[in-house]
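User: Please take a close look at one part of this structure, the central strand region and what surrounds it, and describe it in a single connected account.

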Amino acid sequence: KCGGGVYIDSNSTFTMNAGIIEGNGAFSGGGVYVRGTFEMNGTTTSTQIKSNKRIHGNNNPNVELSSLLGDSVQLTSNVEVGIPGTFNMNGGIITSNLSRGQNGAGVCVFASSSNGDSAGTAKFNMNDGEISGLTISENAAVYLSGSFSGCNLEFNMSGGKISNNTSIGGTSNVGGAAVYTAGYSNITMTG
């Protein structure tokens, strides 16, 4: 259900200094799902998370969530952070060549009681690196949303860039192409 490429459980750390996570699928976090700590380092050529997708059903990668939308597009879902996870992006690139993205096609910071989340904090700290080249139908390249009191979702950006993402619309809840924030979330930009 979570983390088609990598699942990082609470009290665990995954450090990615180089390599590619590509073409995986899950309902939440097609590439990487974070409940522990994820450190992403390196350059845009050495370290890449790209073209991972969101699927539905019984975690069957042949049944894409897009089938519910009545079309044949592929929905990008690269990294999702849940409570109590922290994603530190210190380098590398998150991108996709898929035709549509949803709910944080680059990074989704999300908390829901239906997911089993309880009170706490989930964070995405962008210190360097790049989130670019995403085509988004709903809720931006970076998306934060919590559905209950007691959850605290954070996006802290002190470096790097979010650029060249395109919002094409097509669903009822369309957010911006770069960042979309909803309930119980905070954004801090410095530098």
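Analyst: A residue is called buried when its relative accessible area is under 20%, exposed when it is over 50%, and partly exposed in between (1.4 Å probe, protein chains only). The model is a predicted one, in which local features require pLDDT of at least 70 and side-chain atom pairs count only at pLDDT 80 or more, whereas totals for chains, interfaces and linings use all residues. Residues are numbered from 1 along each chain as its sequence is written, and side-chain values rest on heavy atoms, with hydrogens and water left out.

Strands (E, at least two residues) and helices (H or I, at least four) are DSSP runs numbered from the N terminus. Cys108 is buried, with a relative accessible area of 6%.

Two strands are said to pair if DSSP finds at least two bridges between them. Strands of a sheet pair through backbone hydrogen bonds, in either a parallel or an antiparallel sense. β13 is joined to strand β10 (residues 79–81) by three bridges, and the two run parallel; here Val109 of β13 stands opposite Val81. β13 also pairs with strand β16 (residues 142–146), again in the parallel sense, over five bridges. Across that pairing, Tyr143 is the bridge partner of Cys108, and Ser145 is the bridge partner of Phe110.

These strands belong to an open sheet of six strands with parallel pairing, in the order β1-β5-β10-β13-β16-β20. Its edge strands are β1 (6–8) and β20 (179–181), each of which pairs on one side only. From one strand to the next the twist averages 10°, with axes taken as lines fitted to C-alpha atoms (for helices, over the stretch in contact) and angles running from 0 to 180 degrees between N-to-C directions.

From Phe110 the view extends to Asn152, which lies 42 residues away along the chain; the C-alpha atoms of the two residues are separated by 9.5 Å. Asn152 is part of strand β17 (residues 151–157), and its relative accessibility of 24% places it in the partly exposed class. Contact here means heavy atoms within 4.5 Å. Apart from neighbours within four places in sequence, Asn152 is in contact with Gly120, Thr121, Ala122, Tyr184 and Asn186. A polar contact is a pair of N or O atoms within 3.5 Å; within protein, one atom must be able to donate a hydrogen and the other to accept it, and residues adjacent in sequence count only if both atoms are side-chain atoms. The side chain of Asn152 makes a polar contact of 3.5 Å with that of Thr121, and another of 3.1 Å with the side chain of Glu154.

Cys151 is buried, with a relative accessible area of 6%. If a disulfide is defined as a pair of cysteine sulfur atoms within 2.5 Å, the count comes to zero.

Most residues other than glycine have a negative phi, and most peptide bonds are trans. Tyr184, one of the residues in contact with Asn152, has a positive phi near 55°. Tyr184 sits in the loop between β20 and β21 (185–189) and is partly exposed, with a relative accessible area of 41%. Asn11 likewise has a positive phi, about 65°, although it is not a glycine; Asn11 lies in the loop between β1 and β2 (13–16) and, at 84% relative accessibility, counts as exposed. Ile83 and Pro84 are joined by a cis peptide bond, with omega about 5°, and Pro84 is placed in the loop between β10 and β11 (86–95).

Finally, there is the nonpolar packing. A nonpolar core is a set of buried Ala, Val, Leu, Ile, Met, Phe, Trp, Tyr and Cys residues joined through side-chain atoms within 4.5 Å. The largest such core has 34 residues, and those with the most contacts inside it are Phe87, Phe124 and Ile131. Beyond its neighbours within four places in sequence, Ile131 is in contact with residues including Val107, Val142 and Phe124. By contrast, Asn88 is a polar residue in strand β11; Asn88 is buried, with a relative accessible area of 12%, and a polar contact of 2.8 Å joins its side chain to that of Glu39.
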